[in-house]
Each structure stands twice: as structure tokens, then as C-alpha cells.
Amino acid sequence: MNKLHTAIESVIKEQPKVNKNYWRLNYHVSTPAYWMNDPNGFSFFNGEYHLFYQHHPYSPEWGPMFWGHVKSKNLVHWEHMPIALAPTDEYDQDGCFSGGGIEKDGSMYVMYTGNTWTGDDHDKDLLQVQCLAVSNDGIHFTKFKENPVIAEAPTGDVHPYHIRDPKVWKQGNDYYCVLGSRTMDHHGQVLLYRSSDLLHWEFISVMAKSDGDLGYMWECPDVFRLEGHDVLMMSPQGVKPKGDLYHNLHQAGYVLGELDYHTGVLSHGDFHLLDYGFDFYAPQTMEDPKGRRIMIAWMAMWESHMPEQEYNWAGAMTIPRQLEWMDGEIYSKPVQELKELRGNVVRLEHVTVKEKKVIPEVIGDCYELEVTIDAKSAEQFGVKVRVSEKEETVISYSRLEGKVILDRERSGKGPKGIRKAPVQLKENLLHLRVFVDHSSVEVFINEGEKVMSARVYPSENSTGISFFSDEEISIVSLQKWDLKKCIHPLSDNFA
Ligand code: FRU
């Protein structure tokens with residue numbers, strides 16, 4: 001039996017046991033079983049959205065990487081597909097690492113990094129090359145015999161081995177790709193390449209690099225145009241904490257500017273985070289046929305404690321978010337298709353809260369909660385979700401700090417801590433859309449101006465929702481919808 005089939009059998013066999021775990025997610029993509037990290041090859045092909053992911057199909061830990069695969073007609077109902085890529089060749093023997101996907105001449109191409117360990121020190125003893133595979137049906141892939149298509153790092157101030165995560169796009173008649181990289185003395189940077197056929201690549205330039213404060217390596221770059229601006233999204237490793245920012249092990253964000261396709265240089269402004277929570281890394285985007293720029297990220301963080309590993313799975317994706325340019329920043333909003341998941345609804349208006357308010361009919365562990373709060377003269381107020389006597393996940397606003405605070409100190413099992421996002425009230429109002437699933441919370445603040453995502457691991461009976469404030473506030477409107485399950489298992493037919 002070949003390596004792909006053995007891997008598929010491994011996850012199919014484990015899937016029923018994994019699905020008994022309460023923390024499995026109802027409307028977020030995760031693996032049928034075992035480990036996942038970055039989204040890969042996010043693209044549209046033959047009328048469907050395809051999302052691949054870094055996958056280790058034999059244990060809930062990172063290991064030699066395969067590409068797992070899900071597809072969807074509407075970004076909401078996802079179907080698990082057979083594993084798409086396995087590390088079977090000399091050039092990718094220790095892993096098919098991250099990369100992008102693109103449609104060309106009626107076929108789907110994926111470009112990825114082939115990884116080889118050349119010794120025991122995984123930081124120094126490695127060889128990374130860029131590879132291409134093609135599929136006519138979007139399910140079965142053939143690797144090119146010409147692989148690797150980029151066999152070595154360009155000369156210049158480019159580290160020879162840490163070069164990975166190709167993301168491809170088309171501009172005019174040419175294809176371009178960016179690679180995550182670092183300088184010889186370990187500053188993150190991004191390399192730009194051009195090709196006419198996806199097979200032959202010419203290095204153009206270092207497109208952007210850290211000014212010294214933005215980490216030792218930039219992983220998973222992505223470049224796209226958004227309402228007249230060029231955006232470089234990347235995941236810098238090793239950025240030091242600064243005030244309330246950058247407290248996760250690694251960051252994921254963007255710079256906005258203008259890309260000169262001849263020189264290959266991006267002139268750009270400051271780095272901004274794409275998510276201010278705990279669990280958000282390696283985001284990848286695609287432009288869909290409706291012209292929307294859609295982003296999905298790994299809702300986890302390297303080296304974070306993941307209690308679901310005890311149940312033989314690890315990692316999940318965020319919900320798909322639509323990116324929009326607004327006043328010099330990028331807003332992220334849940335894609336509107338997610339409204340299809342809405343079931344039972346509770347609607348309330350003009351509810352006064354002083355100190356504490358529990359609304360008995362507003363409960364759950366899989367829902368969307370939309371609230372507009374008039375802060376009146378309160379200094380500190382907010383909402384608690386996944387509440388029981390012992391547990392709570394707290395989303396609060398501090399007027400003094402001008403920040404929304406996400407607190408998972410008492411969320412249940414798993415890592416703890418608080419994260420803060422700078423937010424100004426608008427006409428003294430705070431608008432929140434909170435997506436809760438069995439082991440996650442995603443908070444969209446003021447129509448996507450800021451987002452905070454977290455994995456949380458509460459017990460099944462922590463279903464309460466309550467409001468609190470130091471002075472009187474008014475819930476101007478509240479809507480809560482139970483959300484339906486929409487992830488379909490990996491079928492036995494694929495074994
Ligand atoms: C980012 C990353 C990528 C790499 C992949 C390996 O999370 O480190 O740079 O390709 O994960 O799984």
C-alpha cells in the first residue's frame with residue numbers, strides 16, 4: 001500500500017474515537033484525527049473552495065508533514081477529502097511543508113516546500129526546496145518530475161536553508177511567488193520570484209525585510225491587492241513583546257503599501273496584527289469568484305498546550321474572514337455565508353445591566369452572539385461566555401485603557417492568560433459579534449476593526465452567558481443564534 005493510502009487509513013480508523021471528544025468543533029475545520037497546522041493551497045477550482053492544511057496523520061503532534069484536504073461549495077459546509085500530498089520523494093522526504101494553490105489551464109497547481117533534515121538540529125540542519133504538483137480533479141495530485149522547481153536560495157543576504165512557504169498569484173501574463181526567508185544574520189524577509197509557466201522561476205528581489213524589530217524569520221507570506229493597496233501578509237517569528245502587543249510566541253500580520261513589480265520592492269507602512277487573541281497563525285488568503293479576499297488561519301500557536309491532544313487530535317482553522325480596507329487598516333469580518341448556519345434565535349432590546357445580568361434564555365456552547373452595548377458612563381463592562389460556577393471566558397472593555405480584554409484565566413483546561421486590543425468606542429457604543437464553538441471563541445469588535453481568537457477548553461456544562469458593568473450600561477440590542485454543525489467526516493470510501 002502506498003504512503004498516501006496508509007495515511008488515509010490511519011485517520012479514518014481513528015476518526016470515530018476522536019469524534020467522541022466534546023471539544024470537537026461543529027463549524028470550524030479541523031482534522032478527522034491527529035495533528036494539523038497551517039492552511040495551505042486555499043483556492044477556488046471547478047466551482048468549489050479547496051483548503052489544504054499541514055497534517056501529521058499518525059499522531060497528535062507535529063511530524064513529517066502531509067497535506068490534508070477539505071472542500072466546500074459555500075465556505076460553510078466542508079467535506080473532508082483524502083490526503084492530497086505525502087512526503088514520498090527524495091526532495092520532500094521529511095515533509096511537504098506549506099504552500100499555495102492556483103488554477104491554470106483548467107488544472108489545479110499547488111506549490112509547496114520540500115523539507116529534508118540533513119542532521120539532528122532542526123534549526124540548522126535542513127534543506128528546503130520548492131516543488132510543484134498538479135491535479136485535474138482537485139483531489140489526486142501528481143508531483144512534477146522536474147521538482148524541485150526552485151532548488152536553492154538566491155545569492156546575497158539570504159539564509160541558504162530557511163526558505164519556504166511559496167504563495168503564488170497571477171499578475172498580467174506572469175505568475176509571481178513569495179517565499180518566507182531570513183537574512184544571514186537572522187532578520188525576517190520575503191523573496192519575490194517570477195515565472196511564465198509555474199515551472200521556471202526567476203528571483204527578482206528581496207521584497208521586504210525586518211527593520212530589526214520584526215523577528216528572525218518571516219513565515220507564510222501572502223501578497224494581494226485590496227482596494228488599491230498592495231498587502232504583504234506574513235507570520236514573523238521571534239518578535240519581542242511591546243506593551244500589550246506581541247505576547248504570543250509568534251505573530252501574524254500585514255503591511256500596506258505599493259509593490260513595484262519591476263524592482264520587486266514593496267514600499268510600505270507599519271506592521272499591524274490581524275488578530276489580537278491567543279491563537280492565530282500562518283493566515284492564508286484567496287480571491288473568490290465574487291472578488292472577495294478571504295482569509296483563514298490556523299487557530300492555534302506553536303508550543304501552546306493543546307488539551308485535545310489527549311484525544312488524538314490537535315489544531316483547528318478560524319472561520320473564514322473577509323478582508324476589507326477601511327481608513328488605512330484591514331478589517332476582518334466573518335464571511336456572510338456563515339449566516340446559513342443560524343438556527344434558533346433569541347432577540348432582546350434595551351436591557352439595562354447594573355453590576356451583573358444573567359438572561360436565562362441566552363445560553364449555549366455553539367452560537368453566534370451579536371450585541372451592541374451603550375457604555376453610558378461605565379468604565380469597565382463586558383460579557384462572559386462559557387460560564388459555570390467554576391469557569392468563564394471574559395470579554396471586557398476598559399475605558400481607561402481604551403482596550404477590549406479577552407481573559408481566559410478561568411476558561412477551563414488549557415493555557416490561560418489575557419490579551420488586549422486597542423479599541424475606541426464609537427458614539428459611546430461597543431459592537432461585538434462573538435462566535436463560540438465547543439472549544440473556541442472568536443470576537444469581532446466594531447464590525448471587524450479588531451478581532452481576538454482563542455482556543456478554550458471548558459466543560460460541557462459551562463453554557464452560561466452573563467453581562468457585567470461597574471456603572472449602568474444598556475444592551476441596545478442582542479441577538480443570539482445557535483449554529484448548526486457543518487463539517488462532514490472523511491468517508492470510508494476513500495480508504
Ligand atoms: C508555519 C510553518 C511553516 C512551515 C510549516 C511546517 O507554521 O512553520 O513555515 O512550512 O509550518 O509545518
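Predicted model: local features only at pLDDT ≥ 70, side-chain atom pairs only at ≥ 80, totals over all residues.
Setting aside neighbours within four places in sequence, H69 is in contact with H50, L51, F52, Y53, E79, H80, M81, P82, A84, G138 and I139. One of these, H50, also makes a polar contact with H69, side chain to side chain, at 2.8 Å. Is H69 buried or exposed? Its relative accessibility is 0%, so H69 counts as buried. Colour residues 66–72 to show the strand that holds H69, which is β3.

Next, select residues 3–18, helix α1. This helix has 16 residues and reaches 22 Å from its first C-alpha to its last, close to the 22 Å expected at 1.5 Å a residue. At the start of α1, look for N2: one of its side-chain oxygens comes to within 3.0 Å of the backbone nitrogen of L4.

Now show the side chains of A7, I8, S10, V11, I12, E14, Q15 and V18, the buried residues of α1. Which strands do the buried residues of α1 pack against? They pack against β1 (34–45), β2 (48–56), β3, β4 (78–85) and β20 (313–314).

Finally, move to the open sheet of four strands, ordered β18-β19-β21-β22 with antiparallel pairing. Select β18 (281–287) and β22 (329–334): these stand at the edges with a single partner strand each, so one side of each has no neighbour in the sheet. From one strand to the next, the twist averages 40 degrees.

Methods:
Residues numbered from 1 in each chain as written. Heavy atoms only, no water. Helix = DSSP H or I, 4+ residues; strand = E, 2+ residues; numbered from the N terminus. Buried < 20%, exposed > 50% of the residue type's maximum accessible area, 1.4 Å probe, protein only. Polar contact = N/O pair within 3.5 Å; in protein donor to acceptor, adjacent residues only side chain to side chain. Contact = heavy atoms within 4.5 Å. Expected span 1.5 Å × (residues − 1). Pairing = 2+ DSSP bridges. Axes fitted to C-alpha atoms, helices over the stretch in contact; angles between N-to-C directions.
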